[in-house]
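Trainee: Hi! Please walk me through this one, and keep it simple.

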Amino acid sequence: MQRATPRTDPATGPGPHPEATPGPRPASTPGPRPDPVRAPWVPAMRLALAESALALPTGDVPVGAIVLAPSGDVLGRGHNEREAVGDPTAHAEILAIREAARAVGEWRLTDCTLVVTLEPCTMCAGAIVLSRLARVVYGALDDKAGAAGSLWDVIRDRRLNHRPEVVPGVLAEDCATALTAFFDDRRAEKPAPESV
Ligand SMILES: [Zn+2]
């Protein structure tokens, strides 16, 4: 066995995963560093982003959510339908959770993950805890109403028996851009005041 030569390039040679190899990174590495916590959720967040766009035709704020089974299968999807159906509780997360519970056949979404483009509000954070989801993954922060770390942290409140894991900031920029574009468009649609 001669392969344990320390000069072997750890990025290309066999052996432990590059992330597990301590040592300096090349200073010239372009772009953001790989993020082992968030990277696995990027494909699911893209599905949630696609779902969020379905809110646009009814003038709803584009928020999308999906619920994943432990296998990775999609059990439920939802997009904000507050305007579409005139229901203040028709948030993306609630609709995705309901669909997932129907698919599973019971109210406990044990070991399942909710992926949503915007940090959940207090109502949705409550529903996430009550549905026993294992994990919440979200994109953009909501510093005005977020209840998963920014304004409140309902989901990880230590007084609760069940505390799902929280993975914030997955594709945060893409998620925030979709929301900003919506509000910019809405402002632009308002007629400018007449200056007669
Ligand atoms: Zn909500």
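Trainee: Which residues is valine 116 in contact with?
Mentor: Apart from neighbours within four places in sequence, valine 116 is in contact with Ala48, Val63, Ala65, Ala92, Glu93 and Tyr138. Contact here says that the two C-beta atoms, placed from the backbone, lie within 7 Å. Keep in mind that this is a predicted model, where local features need pLDDT of at least 70, side-chain atom pairs count only at pLDDT 80 or more, and totals for chains, interfaces and linings use all residues. Residue numbers start from 1 along each chain as its sequence is written.

Trainee: Got it. And how many residues are in the largest nonpolar core?
Mentor: That core has 42 residues, and Val116 is among those with the most contacts inside it, along with Met45, Val67, Ala96, Leu114 and Val115. A nonpolar core is a set of buried Ala, Val, Leu, Ile, Met, Phe, Trp, Tyr and Cys residues joined through C-beta atoms within 7 Å. Buried requires 20 or more other C-beta atoms within 10 Å of a residue's own, with C-beta atoms placed from the backbone.

Trainee: Which element gives the most to it?
Mentor: Helix 3, with six residues.

Trainee: New topic! Where does UniProt place the "active site"?
Mentor: The unreviewed UniProt entry puts it at Glu93. UniProt positions follow the numbering used here, feature names are shortened, and annotations may be inferred rather than shown by experiment. Glutamate 93 is found in helix 3.

Trainee: Is glutamate 93 buried or exposed?
Mentor: Glutamate 93 is buried, with 30 other C-beta atoms within 10 Å. Beyond four places in sequence, its contacts include Leu114, Val116, Pro120 and Cys124.

Trainee: What does UniProt list for "binding site"?
Mentor: The unreviewed entry lists His91, Cys121 and Cys124. They span 34 residues in sequence, but no two of their C-alpha atoms are more than 9.2 Å apart, so they gather at one spot.

Trainee: Nice. Where is histidine 91 found?
Mentor: Histidine 91 sits in the loop between helix 2 (82-85) and helix 3 (92-104). Histidine 91 is buried, having 26 other C-beta atoms within 10 Å. Residues up to four places away aside, histidine 91 touches Val63, Asn80, Cys121, Met123 and Cys124.

Trainee: And where is cysteine 124?
Mentor: Cysteine 124 belongs to helix 4 (residues 122-130). With 29 C-beta neighbours inside 10 Å, cysteine 124 is buried too. Its contacts outside four places in sequence are His91, Glu93 and Ile94.

Trainee: Which residues meet where helix 3 and helix 4 come together?
Mentor: Glu93, Ile94 and Ile97 in helix 3 meet Cys124, Ala127 and Ile128 in helix 4.

Trainee: What about the angle between helix 3 and helix 4?
Mentor: Their axes come within 9 Å and cross at roughly 20°. Each axis is a line fitted to C-alpha atoms over the stretch in contact, and angles run from 0 to 180 degrees between N-to-C directions. Helix 3 and helix 4 are therefore roughly parallel to each other, as angles under 35 degrees count as roughly parallel.

Trainee: Last one: where does proline 62 lie?
Mentor: Proline 62 lies in the loop between helix 1 (42-52) and strand 1 (64-68). Proline 62 is buried, with 22 other C-beta atoms within 10 Å. The C-alpha atoms of proline 62 and histidine 79 are separated by 7.1 Å, although the two residues are 17 apart along the chain.

Terms used. Helix = DSSP H or I, 4+ residues; strand = E, 2+ residues; numbered from the N terminus. Buried ≥ 20, exposed ≤ 12 C-beta atoms within 10 Å, placed from the backbone. Parallel < 35°, antiparallel > 145°, perpendicular 65-115°, else oblique.
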